[in-house]
Amino acid sequence: MLEKTFDPKSAEPRLYAAWEASGGFSPIDDPAAEPFSIVIPPPNVTGSLHIGHALNNTLQDVLIRFERMRGKAALWLPGTDHAGIATQMVVERQLAEAGNQSRRDLGREAFVEKIWEWKAKSGGTITNQLKRLGASCDWSRERFTLDEGFSAAVRKVFVTLYKEKLIYRDKRLVNWDPHFQTAISDLEVEQREVDGHYWHFAYPLEDGSGEIVVATTRPETMLGDTAVAVHPKDERYQPLIGRAVRLPIVNRPVPIIADEYADPEKGSGAVKITPAHDFNDFMVGKRNNLPMINVFDDFAKINDNAPPEYRGLDRFAARKKVVEEFERLGLLREVEKTRHMVPHGDRSGVVVEPYLTDQWYVNAEVLAKPAIEAIESGDTVFVPKAWEKTYFEWMRNIQPWCISRQLWWGHRIPAWFGPGGKIFVAETEAQAKAQALEYYGREEPLRQDEDVLDTWFSSALWPFSTLGWPEKTEDLARFYPTHTLITGFDIIFFWVARMMMQGLHFMDEVPFKRIFINALVRDAEGKKMSKSKGNVMDPLELVDDYGADALRFTLTAMSGQARDIKLSRERIEGYRNFGTKLWNATRFTQMNGAARTEGFDPAKVKLPLNRWIVGETTRTAKAVTAALDTCGFDAAADGLYRFVWRQYCDWYVELSKPVLGKPDEPSSDEAARDETRATAAWVLDVILKLLHPVMPFLTEELWAQTQGLGAARDHKGFLMTAPWPDLPDSLIDPAADAVIGLIVETIAEGRSVRSELNVPNSARPPLLVIDATPAQRSVLQDAAPLIQQMLRVSQVQIVDAPPAGAIPYVVEGATLALPVAEFIDVAAERARLGKEVGALGADIDRTAKKLANADFVARAPEEVVEENRERLADAEAAKAKLEAALARLGAVV
């Protein structure tokens, strides 16, 4: 017999260890089995499980468990990313705290060794946390982006693209982090709104005949100005185009150029152009062949390209000095306060600078074309489809991809420099030396590039390099392309697009057939979670408090396409109660002797109640299958919730009690009782299978402990590898649906009448059947004892007309009534309901006006607008329900 309650704390680690030891996480060996593979978005080796990971990995696990049970060779391939800058930062901080050392004190080799030591000790934290969530990855195939096989693949890709002239060196602007002294990706740049100023500077015309006023939030960059731009159609400046201004402080003449980047409606219409320190200015500089003067060093201090008195100054000290000098020269025209967005390094926290440096680039435009075509042709599809637009907009305007980083931790760039600046690119140093010998005709010293590759470069190879590429492995042949990628919208550019490009280029096939973009998890008020707001929810703490299954079901049920998740503890507690409801229902069936008989055939059951629940089970199995097949995770969870809680627990279990009777007493109809016991056991087995992908621990425990339900006889081993239910439509019986549907609706609608009108529980009015077909009358009379008990009525009575004080209601075309006027104050109830309807109407009007205000919708945060939409929908639904109750009172006979 089951224990009274399920204890996740003891069951979860025990069950997970058994699953893992069984080898059930690996794909089955059957060569006839259809392969189905997904690769985990590799979390940073430095990471720990956050709520976004919990959502993303729950959905992946739901999908892989579903396909595994469908008999496919299901592979969920896990691994972690070396996370260059994040990991280097962790170890650098440890060195500083331990002995005030820096990586430069240790030297490259010793520092990298320290990182490997740290990785060995604590690099698997998130892997263990994923196991607590129930992630059924094939850990025997776990990969790391710096393992030897993966590193070899990275080197091969780099060398191949270089030989194809798709990788090259160039001097371009990058996001530069002065703290780490490295280029960083856009994803590692955090835009922060800060208080600042627009300084309006006057640049005198070179001939002394006037001036042009420009505005800037970064005065220090004017030391590198090489032009002033005006719009070619701006009549104010037509006579000045082609002339020059003399740059104050630097005393350098710079041209006045015509370029459409200048906006005549903004400020003076003239803009200073600093190609080496602004991304837009860089493009203007390229178009107009302007000099590019870098005035910063790697630490964002002023370098030797500026006047002597500025050299060595920190950029912000230089800013202050430039403003003071303009004021002294009488050229500061205005200082305007502003709040504006300033880029910061997400890990260093310092202001990021656009910085002109020599870096390695990929010609992404060439690689993007096949990746665009693959989405256009439907070789790979986005779910929701709307994310295609985001993908296309970025891919069709793609820029060269900077792939070099000035770090020590990562894949070192396989390029060696020889005398005269000659570069030799090869997979090994020996190959590079051989190239150099052939080029120089003698041995010459070579120096390997100090830089490492952007982590997105290596993770772009994840779908095929994890399967053994460039070797022609069995896994690669069997599991590439993968089927579904589940990931967040924020890395569509950085990871998804680049996997598409590299997969198509090196495998001639898309890396995945479907891309599911999961939602963002917000707090209960719809606000984005952040440590600074103090509203972060720790998934491990939630697992401790409610169990992994409750968290998993919550995230799955709320993961509707194109809808953010508002997560609250109350929601998770509610879904924990759902698990408890199933546990209790299982205990009830056990106590009542439910057990599947050998050779039980659900098609042969005779009782309408059993035929009805068999049909409802079939409908649910089909709906859940269809939903999971199309990544409708929320629809699958909602369907399971409704079926288990309402149809099985609330109705079938209750309606079966008179048939089952007391376990230790004989029944007047033993055949009916035996059939009901067997049916209850069969339905529970199907429920456990359907629910397993979402709530694996609870269902596996029930599967193991319900020997009496026939689970052990039905399938050897774990529920995790049991066959998925595939039930025929022939099990659905419309006649049984009509019978049980009438009983259920009679009770449910009658309960609504009682609830809406505040009829006391102690009241026992009769249920009157006024207008019904002979078949309906027969059903209701046969079910009278059950209806009397469940609806709290004194009898079921056939009458020609209702007496005074009766509240009529219609079910399945039959008119029924409850004479309740004697138990309530009709006038008081009418007044109460009218007052509540009025209050809801006023709330609806206020909210509707807000949402009709275009200014409110444009200015309010997205979560506030969504909150108001939900409030309006809830209020309208509540008002409709109360109006229906008022209408009932109005119909009192």
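Okay, to start: which residues does Phe457 touch, not counting residues up to four places away in sequence? This is a predicted model, by the way. In it, Phe457 touches Val154, Val157, Phe158, Leu161, Ile167, Val362, Trp401, Ile403 and Gln502.

Let's zoom out a bit. Phe457 belongs to the largest nonpolar core, which has 207 residues. Along with Tyr391, Leu567, Tyr648 and Ile787, Phe457 touches the most other members there. If you're wondering who gives the most to this core, that's helix H21, residues 633-660, with 13 residues. And apart from that core lies another one, of 37 residues, among them Tyr203, Met222, Val245 and Val295. As background, nonpolar side chains tend to be buried together in soluble globular proteins.

Now for Ile787. You'll find Ile787 in helix H27, residues 784-791. Its relative accessibility is 0%, and buried means under 20%, so Ile787 counts as buried. Leaving aside neighbours within four places in sequence, Ile787 is in contact with Ile743, Ile747, Leu767, Leu780, Arg792, Val793 and Val796. Take Ile743 from that list: Ile743 and Ile787 sit 44 residues apart in sequence, yet their C-alpha atoms are 7.5 Å apart in space.

Last stop, a sheet. This one is open, with three strands in the order E15-E23-E22 and parallel pairing. E15 (381-383) and E22 (482-488) stand at the edges with a single partner strand each, so one side of each has no neighbour in the sheet. On average, neighbouring strands here are turned by 20 degrees against each other, direction ignored. E22 and E23 (residues 512-518) run parallel, joined by six bridges, and Thr482 stands opposite Phe512 in E23.

Notes
Residues numbered from 1 in each chain as written. Predicted model: local features only at pLDDT ≥ 70, side-chain atom pairs only at ≥ 80, totals over all residues. Heavy atoms only, no water. Pairing = 2+ DSSP bridges. Helix = DSSP H or I, 4+ residues; strand = E, 2+ residues; numbered from the N terminus. Axes fitted to C-alpha atoms, helices over the stretch in contact; angles between N-to-C directions. Buried < 20%, exposed > 50% of the residue type's maximum accessible area, 1.4 Å probe, protein only. Contact = heavy atoms within 4.5 Å. Core = buried A, V, L, I, M, F, W, Y, C linked by side-chain atoms within 4.5 Å.
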